[in-house]
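Keep the structure in view as you follow each solution.

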Amino acid sequence: MARSLSAKAARAILDAAEIVKAPDWSETRRWYVVSGGRQLLVIEPSYGGTSRAGRNGWIWWLAEGARMRNGPEPTREKAAIAGLAAWQRWVTRKETP
């Protein structure tokens, strides 16, 4: 995806975004945030916690471009919100020479 989108163009992409199971979900437990057929984020369970399942939340990263990664967030939806905010900052940031 091209960088340096306008805020309006980025907002249109964000407004159409949805969380869907990854095609390999049964093996990875990953979810994707997609918009208009483009994958924006990858979200997966974060392990290392003290819960019965060993999970301590959800981590996210941008599907393309910058290798931002953050988390864990308490829910998949909160991970998507945090990731999409970072995606918006990344695609609307102007390149500096």
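**Exercise 1.** In this predicted model, determine in which sense β2 and strand β3 (residues 38–47) pair, and over how many bridges.

*Solution.* Strands β2 and β3 pair in the antiparallel sense, and the pairing extends over five bridges.

**Exercise 2.** Identify how strand β1 (residues 18–21) is joined to β2.

*Solution.* Strands β1 and β2 run antiparallel and are joined by four bridges. Within this pairing, the bridge partner of Val20 in β2 is Tyr32.

**Exercise 3.** Work out which residues of β2 point one way and which the other, and whether they are buried or exposed.

*Solution.* Begin with the strand as a whole: β2 (residues 31–35) is mostly covered, with five of its five residues buried. Next, separate the side chains by direction, which places Trp31, Val33 and Ser35 one way and Tyr32 and Val34 the other way, and all of them are buried.

**Exercise 4.** Explain why Ser46 counts as buried, and find the side chain with which its own side chain makes a polar contact.

*Solution.* First locate Ser46, which lies in strand β3. Its relative accessibility is 11%, and because buried means under 20%, Ser46 counts as buried. Finally, the side chain of Ser46 makes a polar contact with the side chain of Asn56, at 2.7 Å.

Conventions: Residues are numbered from 1 along each chain as its sequence is written. This is a predicted model: local features need pLDDT of at least 70, side-chain atom pairs count only at pLDDT 80 or more; totals for chains, interfaces and linings use all residues. Side-chain values use heavy atoms; hydrogens and water are left out. Buried means under 20% relative accessible area, exposed over 50%, partly exposed in between (1.4 Å probe, protein chains only). Helices (H or I, at least four residues) and strands (E, at least two) are DSSP runs, numbered from the N terminus. Two strands pair if DSSP finds at least two bridges between them. A polar contact is a pair of N or O atoms within 3.5 Å; within protein, one must be able to donate a hydrogen and the other to accept it, and residues adjacent in sequence count only if both atoms are side-chain atoms.
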